[in-house]
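Visitor: Could you take me through one part of this model, a sheet and the helices beside it? I would like the cut-offs along the way.

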Amino acid sequence: MSEDADVTELAKRRGFFFAAAEAYGGAAGFYTFGPEGAALKRNVEAAWRDRFALKEDNEEIAAPTIMPEPVFEASGHLDTFDDMLVECPECGESHRADHLVEGATDLEDAEALEPEAVADLIAEHDLVCPSCGAALGGQDVEEFNLMFETSIGPGSGQPGYLRPETAQGIFVEFPRLKEYARGKLPFGVTQIGPAYRNEISPRRGLIRVRELTQAELETFIDPETDEPDLEKVADVELRLYAAPEQQADAPAEEGYQELTVREAVDEGVVASDWIAYYLGVAQEWYERIGVDTEQLRFRQHLPGERAHYAADCWDAEAKIESAGGDWIEIAGFSTRSDYDLSKHAEGSGENFTVFKQYDEPKTVERPSVDPDMATLGPEFGGDAGAVAAALEELAERDPDAFEAAEVTVEVDGETYTVDTEVANFEIAEETEAGEHIVPHVIEPSFGVDRTVYTLIDHGLQRDDLGGEPRDYLSFAPEMAPTDVAVFPLVSNHEPLLDTASEVVSTLRAAGFDATRDDSGSIGRRYRRQDEVGTPFCVTVDRDGLEDDPETVTLRDRDTGAQARIPTDELVGQLEALHAGETDFESVLAQYETVEPVDG
RNA sequence: GCGGAUGUGGUCCAGUGGUAGGACAGUAGCUUCCCAAGCUACCGGCCCGGGUUCAAUUCCCGGCAUCCGCACCA
């Protein structure tokens, strides 16, 4: 992170990201990732997949981005994604109409009303503009649905929406996913992909966009028995900014609590063990991918801030210098309870439960009747069915009634008397092996684009090297768009060109994303790679060709230091560096170093 | 959506009622054996639409986009 370097300018010039469809004037809130940015994003996604799917033993799916309307009716997005705004005729400010009404009346869910009804309420209660005090009565209440609507199929078709979060694609498929998990909790399902929000006013480049990439994990648990393996992250240090501290009238820094995951749980700062667990996993992951942990914190949502589904929620926030030093949300960790699965069960009528086996089967006595319809039919005619049903109901409610010789039931005000024998009453012993429960959901949800932006912002450095200022991106080797660049020291000497080509081929065969550059001076080529964050450069020079065995120089991006290493040891060293098994210090200690010449 | 500012080669900027220049970047060549060197040449631009005008990149209107503030950000 560097104050005078411009992230947006670098991103455009070097192909990280830029406004989409600029040739046609563009559309706000849409960005294209250029070659460097797309590679960086791929690496972020791969690292996330490795940590949150592979290492956690969760399964990844790929659901459609468009779903039919009932999905979002059930999920609550159709209602709560609708913001009702009213504009002040005097000062022109817009306010949440539903919030104004809720503040002035007993209504708690004004959002569920029609806009016209809300406008009427505003007039009825003589509500005024909170900013300037002008009367708002008679102003139109406008509705903004933040979901992109489309229609499925020809003609008027079936209404559908682009998903506002990837999560719903997991929730609606729960009946299948639980089968795949063989009905056993806990299990987790991940998804990485785009989500769409028709923001009223996209701003600040990549930070608020209309199409974003989410990486989400839905962990399905039995809230009564399932515990996370807290030990794995118990000692990870977190910077926590809890709700009470945010409400205190003090600078943010004073409200921070630096606690380990274990301490956060023991002291009750983070109420849910599951959330604490994922905060720890996330902290480690952020360190791994190169987020500056000095610019990272976990902030608890204030009670009024939570999403419609969330019981408790913490955000990971990164401080972004290029966004004016603001803290921006880069991930959210929510306890969604059984909200989503219950809503989809209700909306679809399908089974969104899992069967929870008891440790010991329970034996219960269940009274039942099996009325002899051959007797009841002739006796009561068309009412026989209803009488049978009434007997069943009576058996559950009052089994003792069947101890008499006759039982009486009432159907539609009429009393029927039945011989107890005809009812075939008995008390059966039934064994219950378990019960059907709706799992609860713990959701870590990451914004991939914002993470990419954070890596660029935190990684961008400016220093002096060789007596000249330079900008470079200090990406972790695992994240860098290009793994290694190979240069012939000069471009007018055939053997150097040939050897450089061979080295590139060898590196590519070993799985590296290697690039080659022989245009311009060696210094210029180093700077080009520095600016896109390539961690290592290999230079083929004439001295090296004369060595036995042949050598090349290997340069470290951050320091410019160089080691002369045998060409056939290059792949091994780079693999170790890339995997974080060694660092450049060790490489320098192991080989002859090359003194850079200033100027 | 409101208010303000802005929109000129790839990038950052200057400038003009008679269609425009710099710096950096890029390409080719020469040079060059380790950190944005030099020389030569080249490539490349007035956001879009309408209006005023003999003539608009310039002035006016509208649109789109970007930045800042307000609101919004489930």
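Guide: Gladly! Two strands pair if DSSP finds at least two bridges between them, and strands (E, at least two residues) and helices (H or I, at least four) are DSSP runs numbered from the N terminus. This is a predicted model, in which local features need pLDDT of at least 70, side-chain atom pairs count only at pLDDT 80 or more, and totals for chains, interfaces and linings use all residues. Residues are numbered from 1 along each chain as its sequence is written, and side-chain values use heavy atoms, leaving out hydrogens and water.

The sheet is open, with 6 strands in the order 25-24-26-27-28-29 and mixed pairing. Strand 25 (514-516) and strand 29 (592-594) are its edges, each pairing on one side only. From one strand to the next, the twist averages 30°. Within the sheet, strand 26 (residues 536-540) and strand 27 (residues 551-556) run antiparallel, joined by 4 bridges; threonine 539 has threonine 553 in strand 27 as its bridge partner.

Helix 20 packs on this sheet, touching strand 24 (484-488), strand 26, strand 27 and strand 28 (562-566), where contact means heavy atoms within 4.5 Å. The direction of helix 20 makes about 15° with that of strand 27; axes are lines fitted to C-alpha atoms, for helices over the stretch in contact, and angles run from 0 to 180 degrees between N-to-C directions.

Helix 20 (residues 570-578) also packs with helix 17 (residues 494-509), at an angle of about 50° and with axes 10 Å apart. Therefore helix 17 is oblique to helix 20, oblique being what remains after under 35 degrees (roughly parallel), over 145 (roughly antiparallel) and 65 to 115 (roughly perpendicular). Val503, Thr506 and Leu507 in helix 17 meet Leu570, Val571 and Leu574 in helix 20.

Methods:
Chains lettered and ligands numbered in written order.
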